[in-house]
Amino acid sequence: MDEWRAHADNGDWDKIHLASLTARDRKAIDNRLRKIVPKTFRSHGMEHVEDYALPHEIRKNPELVASSSTKSERRSLEAAVSLFNDLRWEFEQEPDWRSEARTHAEKILREREKSGKAIECRDAAWHAQQVMDLLGSLDFVLSATDVGHDTDKALIGTKWVRTQMLEAASLGFHIGHYAQAAWGKPHELSAQIRNTHIENRRTFSASGGKQLEDKRHRAIAELGRLAHHEDNLPKWRGHARHHQVTELKNMARSADKDRDAADRLFHNPKTGKLFRDRWFQDVLSTLEKSTQNSPDGKNKIKTKTYKKSKKPCRRP
């Protein structure tokens with residue numbers, strides 16, 4: 001058995017010296033380490049990526065190490081991560097940036113075509129179309145240096161030129177990518193705040209939506225009981241809607257007066273203020289619909305209507 005295999009089986013990754021190993025052995029070590037080294041999720045602003053953990057992340061993030069691990073096992077994992085960090089780039093192939101760019105651009109254009117919306121200047125589909133056009137231009141330029149599998153010595157220079165052109169194009173693409181990311185970082189904070197706000201609203205709706213809905217039904221039922229009380233019926237007949245809303249608010253304020261802050265039905269638990277007029281207007285509409293077919297005409301809640309003026313409205 002090779003010496004490095006014995007060290008690997010024992011977890012002594014710090015005893016393996018890559019410089020003394022063949023490319024085949026280093027590849028075998030790389031395959032084993034990819035099954036051992038944990039992955040972690042990194043994010044900054046709107047950028048999110050999952051990648052293999054670095055040595056300092058193993059030391060600082062306990063979640064990457066099994067809770068039942070001993071001290072020696074943790075040291076072995078740190079050594080494995082360190083060795084993998086030195087070795088991984090030898091065998092990882094850089095993704096084909098042209099294929100990735102073309103795939104993303106085509107996806108955006110397909111979605112736009114399905115939506116039936118036209119491409120507008122400077123929107124996502126417009127930029128995707130520019131990507132496709134420029135990639136087509138690059139393919140045309142490179143076609144001039146395409147020599148296929150010809151091994152004629154006279155064409156070696158042409159192959160070299162093609163390789164250098166591809167390298168220059170790749171560098172230009174990545175320079176533009178990172179430059180655009182750097183320029184956009186100051187604006188990511190607004191997008192991040194918006195996403196956080198949306199996520200908080202989703203969580204709030206999932207956890208407390210049912211409770212709020214139950215509370216709303218109880219509040220409407222309570223106001224309905226108060227509104228139909230015989231002492232309060234004269235407050236509705238023949239009065240304008242704004243007057244009825246004011247009466248509802250007074251009833252709600254009196255009903256919550258002797259309740260604890262957490263038990264109040266008509267006050268915002270965060271601000272402690274009475275619900276807005278719009279909420280009471282909606283409740284009033286609900287009460288009107290629920291009583292419009294009442295057999296007892298006295299119990300009907302009806303808003304007084306006014307005839308429209310024949311004079312046209314003018315701006316002051």
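**Notes on the predicted model**

1. Overall confidence first: the protein averages a pLDDT of 78, and 80% of the residues score at least 70 (pLDDT is the predictor's confidence in each residue, from 0 to 100). This is a predicted model, in which local features need pLDDT of at least 70, side-chain atom pairs count only at pLDDT 80 or more, and totals for chains, interfaces and linings use all residues. Residues are numbered from 1 along each chain as its sequence is written, and side-chain values use heavy atoms, with hydrogens and water left out.

2. Please read residues 303–316 with care: pLDDT stays under 50 there, and the model has nine contacts for this stretch beyond four places in sequence (contact means heavy atoms within 4.5 Å).

3. Now to a helix pair. The axes of helix 5 (residues 97–115) and helix 6 (residues 124–143) come within 9 Å and cross at roughly 140°. Axes are lines fitted to C-alpha atoms, for helices over the stretch in contact, and angles run from 0 to 180 degrees between N-to-C directions. Helices are DSSP runs of H or I with at least four residues, strands are runs of E with at least two, and both are numbered from the N terminus.

4. Methionine 46 sits in the loop between strand 1 (39–44) and strand 2 (47–52). With a relative accessible area of 34%, methionine 46 is partly exposed (buried is under 20%, exposed over 50%, partly exposed in between, with a 1.4 Å probe and protein chains only).

5. Leaving aside neighbours within four places in sequence, methionine 46 is in contact with Glu188, Ala191, Gln192 and Asn195. Its C-alpha atom is separated by 9.9 Å from that of glycine 184, 138 residues apart along the chain.
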